[in-house]
Amino acid sequence: MEDIFSQIRDGNAVYVRVWLDNVENDPNQGDDHGFSPMHWASKEGRTNIVDMLIGRGAKINATNMGDDTALHLASAHGHREIVVKLLQCRADINAMNEHGNTPLHYACFWRYEQIAEDLVNQGGLVSLSNKDGDTPLDKTTPEFAKCLREVASQKGQDITKVPYRTNWSGTKTKSRDATLSRFTGIDLKHIKMQSKVSQTPSGEMWKGMWQGTEVMAKVLNVRNISSRVNREFAEEFPRLRIFSHPNIHPVLGCVNSGPNMIVLSEYLQHSSLFHVLHEASGIMVDHAQTVSFAMDIARGMSFLHAMDPLIPRYYLNSKNIMVDEELTCKINMADTGYSFMNKGRLYYPAWMSPDALQKAPEDMNARAADMWSFSILLWELVTREVPFAGLNPMEIGMKIVGEGLRVELPPGTSPHLSKLIRICMNEDPAKRPRFDMILPILEKMRTQ
């Protein structure tokens, strides 16, 4: 069977769709030259495949070995519809490759005039020099250079030539080595632990490097790693490798040998949603961003809830939601619990429903319990406060169950969000909505 890259080059959309339906296939993996599926689809003009990849979480600004992004390739090969789609998905319009060329350089050089105008109208700079000292205007005809210069001036651009510099763009990321997308045990010596980030009840979090990729390494807190534990870990771990959804943060690999049990996931600079909201991250979370975060979480949870069987022992809260460089929230699969870890211990009861706190996991409606947790997340996004701050976890759990402790919305809260929070926090689990039911509501809030 041919590989995914050749199938994309041939435009085999059916094969690509089937390949993407396998959640373990990584839409951000690269070939031997670092070309990701998005690179090839953009280069070959496979618009329908670009649409599929965008919907499955493919990174728009991933680079190949020559530092080309998908926008470079679409611009260089005259695929205007794809250029427009990539720009709508926040492609880095002024990203430079190893030669210092931006997408606009290529559109000008190959005389794709409409694409060049699109790029300038969307913020493409006519003044950036490549390594040879040439701007995009130097790469086209004098007549078209004059036209673009006028468009740039109308957009308020300073057309004074800017010398080449290597650190112009900061949003590019390398496509993943294909070996990162195959489930194999990892030797601990291949992971370079750099710094301890945090200590959680379930384990230590370390920042490190693995095969040239920045990773978060979670060293699980397991006292006795028996053969049974090893077997259960090997059985449960693969289900967490969900690469095919933009709002799921998958695990990449694991160490399952000797005294260490480690789960690896890709490092994200903004860390968790809890960090963004409560630990001086510097990110402005206004109403629009609040709704955007909520939609991301709801999409991710809707995907997980469609799986049969459900992934057990994932407890939704802001500490278990990661935020990437594009401010997209992702459900962190590395924070899923395992059957052999601390049975019956609940570390974050502030986000848990009364029914989840009172019943064994097998006896409760897990989907309804997640919807209650989502309502607490909405409250957290609206108030920028930690739920029940000042109480320890045991006190919180006991008061929620025994004394009816609930979060309270402050005056002035958006009536639409207030209503949604109340709906999701229905005391009767059977009356809480599903995530696919609230997505249209959030979509409407985003456009209001």
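Guide: Let's talk about salt bridges and then a pocket. This is a predicted model, in which local features need pLDDT of at least 70, side-chain atom pairs count only at pLDDT 80 or more, and totals for chains, interfaces and linings use all residues. Residues are numbered from 1 along each chain as its sequence is written, and side-chain values use heavy atoms, with hydrogens and water left out.

Visitor: How many salt bridges does the structure hold?

Guide: Here's the general idea: side chains of opposite charge can pair when their charged atoms come close. A salt bridge here is a side-chain nitrogen of Lys or Arg within 4 Å of a carboxyl oxygen of Asp or Glu. The structure holds 19 of them.

Visitor: Which side chain meets D118 in a salt bridge?

Guide: That's R80, at 2.6 Å from N to O. The pair links distant parts of the chain, with D118 in helix α8 (residues 113-121) and R80 in helix α6 (residues 80-88), 38 residues apart. Helices here are DSSP runs (H or I, at least four residues), strands are E runs of at least two, and both are numbered from the N terminus.

Visitor: Are D118 and R80 buried or partly exposed?

Guide: Buried means under 20% relative accessible area, exposed means over 50%, and partly exposed is in between (1.4 Å probe, protein chains only). D118 counts as buried because its relative accessibility is 13%. R80, at 39%, counts as partly exposed.

Visitor: Where do D296 and R299 lie?

Guide: Both are in helix α12, three residues apart, about one turn of the helix. D296 is buried at 6%, while R299 is partly exposed at 29%.

Visitor: What about R432 and D355?

Guide: Their side chains meet in a salt bridge too, at 2.9 Å from N to O. R432 sits in the loop between α16 (415-424) and α17 (435-447) and D355 in helix α13 (residues 354-358), so the pair ties together parts 77 residues apart in sequence. Both R432 and D355 are buried.

Visitor: How much space lies in the second largest pocket?

Guide: A pocket is an open set of points on a 1 Å grid over the protein atoms alone, where a 1.4 Å probe fits, with protein on both sides within 12 Å along at least five of seven lines; lining residues have an atom within 4 Å of a point. Here the space is about 730 Å³, where a volume is what probe spheres set on the points fill, with points joined across faces, edges and corners. Of its 35 lining residues, the closest to the centre are R90, P246, D324, E326 and T328.

Visitor: Which element gives the largest share of that lining?

Guide: It's α12, with four residues.
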